[in-house]
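Here's a quick tour of a protein chain, written for someone new to reading structures. Have the sequence and the 3D view open while you go through the points below.

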Amino acid sequence: MAALLATSAGVQSEEGPSPRATDNQRVTGSTTDNDPASTTDSTTTHSTTDSTPDSTATSSAATEPISSGRENAVGSATVRDDASATAKVQNAEGGSAPTTATATASASAGGRAGGGGPASSPGQHWQEWRRRVYFREEFEDGDGWKKRWVQSKYQSDYGKFKLTAGMFYGNKEKDKGIQTTEDAKFYALSARFKPFSNEGQSLVIQFSVKHEQGIDCGGGYIKLFPEDLDQEKMNSNSTYYIMFGPDICGMGNNKVHVILNYKGKNHENNKTIKCRINKDTHLYTLILRPDSTYGVKIDNELVAVGALEDDWDFLPPKKIKDPYARKPRKWDERPQIVDPDDKKPEDWQDFEKIPDPDAKKPDDWDEAMDGKWEPPLIPNLKYKGEWKPRIIDNPDYKGEWVHPEIDNPKYKPDPNIYRYYNISVLGLDIWQVKSGSIFDNFLLTNDEEFAEKVGNQTWGVRKDPERIWREAYEAEEKKKQQEETKKKMEAEDEEEKKYAVEEEEDEDEDEDVNQLELEKDKELKEEENKDKGGNGTPDVDIKDEL
């Protein structure tokens with residue numbers, strides 16, 4: 001789940017995690033051009049606009065954590081001339097282009113640059129906009145990721161991750177990510193970066209996940225945490241700012257979580273966003289903008305857009321029912337009524353059966369013994385059914401009474417519901433019944449266009465080869481399975497034939513045995529007949545008889 005924490009400088013105590021930065025530091029939120037700390041595992045990428053910076057506006061260049069094994073670099077560049085957005089991103093198939101992503105973006109004082117742009121919503125400072133890459137991880141330096149990611153020790157039985165491209169991929173080296181390896185386990189792994197705030201800037205969260213195991217129930221989402229998180233104690237109860245990504249449990253229960261923390265409480269998106277359920281890698285992107293709007297992309301295609309205030313229950317409703325309004329007593333909401341002037345005709349027969357008028361009491365009927373005599377009932381030939389008055393339109397109908405609404409005195413707009421301070425940790429805090437999910441291509445930036453380009457030049461160029469390989473692999477597996485099934489059926493047929501032959505032979509043997517027994521019985525009877533004189537009587541000595 002993801003959480004959105006937004007507070008103004010004057011109501012810090014109402015937030016969730018307490019920010020540690022000063023108000024001025026909150027505005028900058030990322031490494032400045034002259035900040036020596038920017039040399040720590042980071043690559044600077046930025047662009048500027050020709051806007052006039054406010055005294056509290058940031059002039060910092062973003063640092064990109066070198067979590068993918070890229071060459072360390074620092075620096076900043078200010079481009080005052082209008083120029084089209086350019087980017088140098090390492091070719092996904094191993095080209096010679098440098099891996100450091102750089103860009104220049106042009107914008108007028110009133111425009112937006114690179115998809116982020118200066119703040120323009122109410123209550124926001126006008127800022128000089130620069131591209132910032134706060135965190136980027138593509139696992140391109142072998143086991144180097146183990147130094148950047150921390151395994152939680154909150155539980156002793158957390159599942160372990162390994163570095164792999166999986167069973168099928170577009171590029172064996174570049175598609176390597178961290179994969180869950182143990183079934184029915186919780187996982188708790190996180191990476192830290194320099195704290196930043198997204199005040200006055202867009203926040204773009206992007207990553208890819210591949211459920212090549214054919215996940216049946218488990219999470220594929222990430223969380224963003226504040227600076228004060230103890231990574232070795234991270235667990236499912238740790239306070240987080242944002243939870244974003246797919247969660248699947250059965251075919252009918254799948255969704256993309258967008259849970260945002262606001263004033264210490266987690267709020268789920270009111271819209272249901274379905275995730276992609278197959279074994280391919282998918283790219284998930286969340287965009288939070290300084291005008292308090294948002295967008296969700298799957299595979300670089302928008303699947304949900306809207307206003308944070310509309311699609312989350314952060315604030316009380318703008319309007320409420322007037323507590324003093326009451327529906328008038330004579331307010332008639334019945335569109336139709338029974339005609340009060342409609343009367344049942346005098347000759348209307350509504351008895352289905354009547355006493356037989358031709359029946360006569362028997363002469364021998366004794367009321368003392370038999371009770372009062374009543375004629376038998378017969379069908380009423382004049383029966384017309386139950387009479388009901390006709391229905392007419394209600395002449396006094398005034399429509400459904402609508403409770404009047406008034407402005408909610410508890411509602412107070414907050415232009416900063418998108419904003420967070422001291423974002424500093426990205427974590428995987430998930431449960432999986434069946435392991436095998438691979439996470440890769442993590443990116444935190446303020447530039448929507450840059451994020452889209454990175455997605456297209458990483459996941460985008462490798463998705464088709466991966467899919468083709470997967471389909472070929474699955475087709476081969478299906479073919480093997482069919483052949484095995486065929487062999488099994490043939491073996492079963494042979495076994496049945498063999499069994500039938502054996503049964504037939506057993507039956508023949510039984511018949512032979514029976515025939516022998518019959519012949520023996522016949523011989524025995526013949527012997528007995530001979531002993532009895534051939535006619536069935538015993539031999540008699542005539543002399544003895546005389």
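Which kind of contact do the side chains of Asp350 and Lys344 meet in? They meet in a salt bridge, at 3.1 Å from N to O. Before going on, keep in mind that this is a predicted model, where local features need pLDDT of at least 70, side-chain atom pairs count only at pLDDT 80 or more, and totals for chains, interfaces and linings use all residues. Residues are numbered from 1 along each chain as its sequence is written, and side-chain values use heavy atoms, with hydrogens and water left out.

**Salt bridges**

- A salt bridge here is a side-chain nitrogen of Lys or Arg within 4 Å of a carboxyl oxygen of Asp or Glu. Searching the whole structure turns up 30 salt bridges.
- Back to that opening pair: Asp350 is partly exposed at 28% relative accessibility, and Lys344 is partly exposed too, at 40%. (Buried means under 20% relative accessible area, exposed means over 50%, and partly exposed is in between, using a 1.4 Å probe and protein chains only.)
- Glu466 and Lys210 also join their side chains in a salt bridge, 3.9 Å from N to O. This pair ties together distant parts of the chain, with Glu466 in helix α5 (residues 448-531) and Lys210 in strand β10 (residues 203-211), 256 residues apart. (Helices, H or I with at least four residues, and strands, E with at least two, are DSSP runs numbered from the N terminus.)
- Are these two partners buried or exposed? Glu466 counts as buried because its relative accessibility is 4%, and Lys210 is buried as well, at 3%.
- Another salt bridge brings Lys279 and Glu474 together, at 4.0 Å from N to O. Here too, distant parts of the chain are linked: Lys279 sits in the loop between β15 (265-268) and β16 (281-288), while Glu474 is in helix α5, 195 residues apart.
- Lys279 is partly exposed at 31%, and Glu474 is partly exposed at 27%.
- Those two residues belong to a network of salt bridges that links Lys279, Asp280, Arg470 and Glu474.

**A nonpolar patch on the surface**

- Met167, Trp469 and Tyr473 form a nonpolar patch on the surface, and together they have about 270 Å² of accessible area.
- Patches are made of residues with over 30% relative accessible area and no salt bridge; like charges are joined within 9 Å, and nonpolar side chains (Val, Leu, Ile, Met, Phe, Trp, Tyr) within 5 Å. The areas come from the Shrake-Rupley method with a 1.4 Å probe, and for residues only the protein chains shown count as cover.
- Look for Met167 in the loop between β7 (161-164) and β8 (177-180). Met167 is partly exposed, with a relative accessible area of 40%.

**Cavities**

- On a 1 Å grid over the protein atoms alone, a cavity is a set of points where a 1.4 Å probe fits but cannot get out, and lining residues have an atom within 4 Å of a point. Grid points are joined across faces, edges and corners, and a volume is the space filled by probe spheres set on the points.
- How many cavities of 30 Å³ or more come out of this rule? The count is five.
- The largest cavity holds about 120 Å³ of space. Its lining has 14 residues, and Asp175, Ser208, Thr281, Asp440 and Glu466 lie nearest the centre.
- β10, β26 (437-445) and α5 are the elements that give two or more residues to this lining. The most come from α5, which gives four.
- The lining of the largest cavity splits into five nonpolar, three polar and six charged residues. (Ala, Val, Leu, Ile, Met, Phe, Trp, Tyr, Cys and Pro count as nonpolar, Asp, Glu, Lys and Arg as charged, and the others, Gly among them, as polar.)

**Loop residues to look up**

- Ser292 has a positive phi near 65°, in a residue other than glycine. You'll find Ser292 in the loop between β16 and β17 (293-298), and it is buried at 10%.
- Asn300 also has a positive phi, near 60°. Asn300 lies in the loop between β17 and β18 (301-307) and counts as buried at 13%.
- Glu199 is in the loop between β9 (185-196) and β10, and is buried at 8%. The C-alpha atoms of Glu199 and Asn416 are separated by 8.0 Å, with the two residues 217 apart along the chain.

Definitions and conventions
1 Å grid on protein atoms, 1.4 Å probe; cavity = no way out; pocket = protein on both sides within 12 Å on 5 of 7 lines; lining within 4 Å.
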